[in-house]
Amino acid sequence: MKAKEIFNEADSLRGTLTPLRTCYDIKYYHLDVKVDINNRFISGINLFKFQSVDDFNRLQFDLFENLSVDQIEYQGKALSFQRSHHAVFVDFPNTIQKGKIDSFKVYYSGTPIAATRAPWDGGFDWKTDSKGKPWVATSCQGLGASVWWPNKDHQSDEVDSMLISVAVPNEVMNVSNGRLIKTEKLDKHYTKYHWKVNNPINNYNVALNIGDYIRVTETYLGEKGPLSVDYYVLKENRDKIKHLQKNTRETLEAFEYWFGPYPFYDDGYKLVETAHLGMEHQSAIAYGNKFQNGYLGQDGSGTGWGLKWDFIIVHESGHEWFGNNITAKDLADMWIHESFTNYSEALFIDYHYSKDASQAYVNGNRIGIMNDKPLQGPYGVNKEGSSDMYLKGGVLHNMIRTIIDNDSTWRAILRGLNSTFYHKTVDYHDILTYLNNASGIDFTKVFEQYIQHKSIPVLEIVQRGNGKVFCRWNAEANDFKMPIHIGKKGQSKTRFEIGSSFLALPIQVDDINELEIDTFNYYIGVMEYR
């Protein structure tokens with residue numbers, strides 16, 4: 001028996017929505033930070049503007065304990081606070097009444113954690129370009145944004161808007177999310193860049209990108225009109241912009257078709273070159289795929305279809321719809337981000353090449369599925385599920401599309417998800433309920449098996465002596481049911497509604513090998529008895 005995973009107080013403080021976190025709703029941040037690259041040191045202030053949800057005189061925000069909280073200021077006075085692990089507990093002199101709009105400032109400084117393998121581990125990625133100039137970026141998905149700036153570090157509460165002000169040495173510039181509204185010369189050594197984010201944003205998407213960049217800009221005519229598209233690349237790579245432009249235009253065209261309008265027209269779309277591979281930083285996607293197709297020149301599906309487009313541009317852009325527009329409330333449901341975005345790769349292929357090509361790509365991706373643990377992690381402890389949330393998640397959505405068997409309905413569902421949950425946070429039940437209602441099919445057991453359990457269902461097929469065929473599902477989910485397409489080889493297949501009890505199929509065969517089960521579009525096991 002597998003040992004039960006143990007979580008500690010630090011996990012709960014990060015992952016649990018206690019009354020000290022639910023008592024206030026973040027409305028606005030102004031993050032103002034200076035980056036001392038030579039000393040790998042940061043210092044700054046973050047303004048928290050909030051609305052009180054309940055009466056309170058104490059709250060929690062988050063900042064990694066290796067960074068110093070120098071002062072917390074409220075109405076011009078310093079507040080007392082205590083720290084435990086990465087949580088900071090602030091005491092106010094009076095009760096803040098429910099419904100009040102209020103604010104406080106956090107002054108902080110220190111040496112942030114350095115990422116050793118960004119973006120898979122979090123922190124600051126301190127690099128230099130080929131000319132020896134600083135090339136620095138942040139990435140903190142999973143680990144948490146509080147690894148480098150103070151915030152209410154829980155995905156359930158996205159700030160409505162924010163200003164990101166970053167002071168960097170004059171030899172380089174900073175690119176962050178949203179739009180550059182002002183550049184401020186501080187002294188002979190530093191310049192401050194002010195970036196305004198007009199849309200809700202989750203904490204791990206807030207990013208710094210510091211380098212010797214050039215900017216190339218163009219306009220994409222999308223569903224909601226002109227969309228500004230910017231490319232920030234190192235000066236040494238200015239001649240490689242066309243690769244980015246081609247892939248970006250094709251990506252936006254395919255995804256606006258399938259998912260609806262790009263969700264952040266107000267903030268624009270940017271690709272920013274980074275030393276690490278990539279990350280879905282909202283309106284400022286980190287790009288490090290070295291201006292080549294595939295995933296660093298490789299196609300994990302083994303079909304060849306993955307080599308016709310730039311993996312990082314397509315995948316990370318897909319997150320603008322699934323992950324940034326629609327955001328999981330709890331890290332346990334990160335499968336929502338990654339499963340739909342993995343499937344967006346197939347939909348890109350479908351749009352530009354063919355449905356058959358997209359199905360082949362999804363099927364080829366099965367080679368990387370481990371079935372080691374559920375896609376969904378445990379709630380309240382800041383823990384993701386299996387990394388199968390990518391490939392197995394994409395296979396699941398392709399299977400759901402097959403079950404619905406109407407691509408107009410499937411497209412309407414994908415677009416409907418993005419309009420219904422526009423700029424909102426969601427959980428497992430939100431996605432499942434929407435899918436059930438919009439499709440008219442009950443996918444409850446399908447979701448339970450493929451997302452909340454680790455193994456795939458097995459179709460048990462029995463042939464009796466009279467040639468009749470019976471089948472049922474064996475699965476971890478009680479009373480599992482799912483349709484499946486079955487037929488005789490060389491003939492069209494029929495969709496049968498199969499449950500956990502044996503069903504007699506209206507098919508008669510002399511040999512069970514005459515049967516053909518759609519294991520290309522259904523990710524299942526098959527157990528045959530003669």
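View 1. Strand S3 (residues 56-62) is mostly covered, with five of its seven residues buried (under 20% relative accessible area, 1.4 Å probe, protein chains only). Strands here are DSSP E runs of at least two residues, and helices are H or I runs of at least four, numbered from the N terminus. The model is predicted: local features need pLDDT of at least 70, side-chain atom pairs count only at pLDDT 80 or more, and totals for chains, interfaces and linings use all residues. Residues are numbered from 1 along each chain as its sequence is written, and side-chain values use heavy atoms, without hydrogens and water. S3 runs antiparallel to strand S7 (residues 87-96), joined by six bridges. Arginine 58 faces aspartate 91 of S7.

**View 2. The open sheet S9-S10-S15-S12.** Four strands pair antiparallel in this order; pairing takes at least two DSSP bridges. Strand S9 (123-128) and strand S12 (173-175) are the edges; each has a single partner strand, so one side of each lacks a neighbour in the sheet. Two bridges link S10 (residues 134-139) with S15 (residues 209-211). Valine 136 sits opposite isoleucine 210 in S15.

**View 3. Helix H7 against helix H8.** The axes of H7 (residues 391-404) and H8 (residues 407-420) come within 8 Å and cross at roughly 130 degrees (lines fitted to C-alpha atoms over the stretch in contact; angles run from 0 to 180 degrees between N-to-C directions). His397, Ile400, Arg401 and Ile404 of H7 meet Asp407, Thr409, Trp410 and Ile413 of H8, with contact meaning heavy atoms within 4.5 Å.

Conventions. Buried means under 20% relative accessible area, exposed over 50%, partly exposed in between (1.4 Å probe, protein chains only).
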